[in-house]
Protein chains: 2
Amino acid sequence: MKSFPSSLSHVAQFFERLPGIGQKTANRLAFYLLRMPERDLQEIADHLSNLKSRTKKCHICHNLTEEDICSICQDTKRDISLITVVEDVLDILPFETGDIYQGYYHVLHGKIDPLNHIGPEDIYIESLMARIKKNGSGIEEVILATNADMEGEATSMFIRNRLKELKETHQFSFKVTRLGYGLPIGGNVEYADYMTLRKSIENRNAYE
Amino acid sequence: MKSFPSSLSHVAQFFERLPGIGQKTANRLAFYLLRMPERDLQEIADHLSNLKSRTKKCHICHNLTEEDICSICQDTKRDISLITVVEDVLDILPFETGDIYQGYYHVLHGKIDPLNHIGPEDIYIESLMARIKKNGSGIEEVILATNADMEGEATSMFIRNRLKELKETHQFSFKVTRLGYGLPIGGNVEYADYMTLRKSIENRNAYE
């Protein structure tokens, strides 16, 4: 991009740093911005420069927020007896799409991953325990919704054991559940990997 | 994204407006930025807000520049007898890759496209004529490098005719050429469309 003005090159280089964007796409995006209204560019520049300073973690569930408590934890119309534990903030999105879930969340911000030196103390497990200890009698169910990979499974198992101890010590009666696994909707048996199919067989339902 | 902070949502919405970026990718990119160093975000915000005001068209070739004359037209080591006419600024990039071209450019910023009401007067054809008229005796070749589609072809034909008139009126002796068309390098005959293959047959070379 040495034949182009430096602000344009900088913008293209910025795009190129983003995951999944190659050099040609980056150039095209930078040129596309040139055709955007000046006001829109100004606005997005403001948001970018404030992005990190304005964004913090919710004191309760660790979802991202610009206040102390996130909009979900502030929502009193939700089911206070239900907490879903997810690995990352982006995992909340599918739950919030299409009115399928009305409870609260707890964001771990990671998963137990010994190979990368991430232990239980590096993610928000203790704060989940503290949160449940405090409100335990009002909680009916904790849904473990970590990913269906090895680290996600290990993380769920670790939390399940900690919750079991907590229930016994404090005489809580909430259920602990894990998301159901199987063929995705629209999924094709022919292309299913055997792990998915095994889960799908284990989780088969009466159908008559 | 209503469950997320507003600056994050705004950044995600910005990405979603860009061509080829869907909602999920936009969300993922916005979260990726959260992990970038604050300083980098600040820097890109500055570039974005100055992008349009700083970027203007070169007085000579209409390439983009932050000064009056672009870096290519300022480069006196290039071959002053050679001008390549391209539709858009991005078309310069492949010419500038890998030392294959040492002449100057003329950027039309569009192509003749009657269906979309773009005529010869809407793109930088007159300024090309003025430029060649002024330096005509020093020019040896004008390469027409518009795209190989219908509008690109029509634009090249229009410019070719105008250049012919100019040569006759002013007794200039430069050549006018058009880029060669054929199978792309690495291209597969089996998958070539018949127009490309026809050009490829017309442009066949002695090979013995």
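**View 1. The area buried between chain A and chain B.** Buried area is the accessible area (1.4 Å probe) that two parts lose on being put together, summed over both. For chain A and chain B it is about 5,000 Å², and carbon and sulfur atoms give 71% of this. L48(A), L51(A) and K52(A) supply 13% of the area that chain A buries against chain B, more than any other three residues. Contact here means heavy atoms within 4.5 Å. By that rule, 53 residues of chain A are in contact with 53 residues of chain B.

The model is predicted: local features need pLDDT of at least 70, side-chain atom pairs count only at pLDDT 80 or more, and totals for chains, interfaces and linings use all residues. Residues are numbered from 1 along each chain as its sequence is written, chains are lettered from A and ligands numbered from 1 in the order in which they are written, and side-chain values use heavy atoms, with hydrogens and water left out.

View 2. A salt bridge places a side-chain nitrogen of Lys or Arg within 4 Å of a carboxyl oxygen of Asp or Glu. The rule finds two across this interface. One of them joins R17(A) to D40(B), with the closest N and O atoms 2.9 Å apart. Twelve residue pairs, both at pLDDT 80 or more, are in polar contact between the chains. A polar contact is a pair of N or O atoms within 3.5 Å; within protein, one must be able to donate a hydrogen and the other to accept it, and residues adjacent in sequence count only if both atoms are side-chain atoms.

**View 3. The open sheet of chain B.** Four strands are ordered β4-β3-β5-β6, with parallel pairing. Strands (E, at least two residues) and helices (H or I, at least four) are DSSP runs, numbered from the N terminus. Two strands pair if DSSP finds at least two bridges between them. β4 (104-107) and β6 (175-178) of chain B stand at the edges with a single partner strand each, so one side of each has no neighbour in the sheet. Four bridges join β5(B) (residues 141-144) to β6(B). I143(B) has T177(B) as its bridge partner in β6(B).

**View 4. Helices on the sheet of chain B.** Angles run from 0 to 180 degrees between N-to-C directions, with axes fitted to C-alpha atoms, for helices over the stretch in contact. Helix α7 (residues 150-170) of chain B lies across β3, β5 and β6 of chain B, at about 175° to β6(B).
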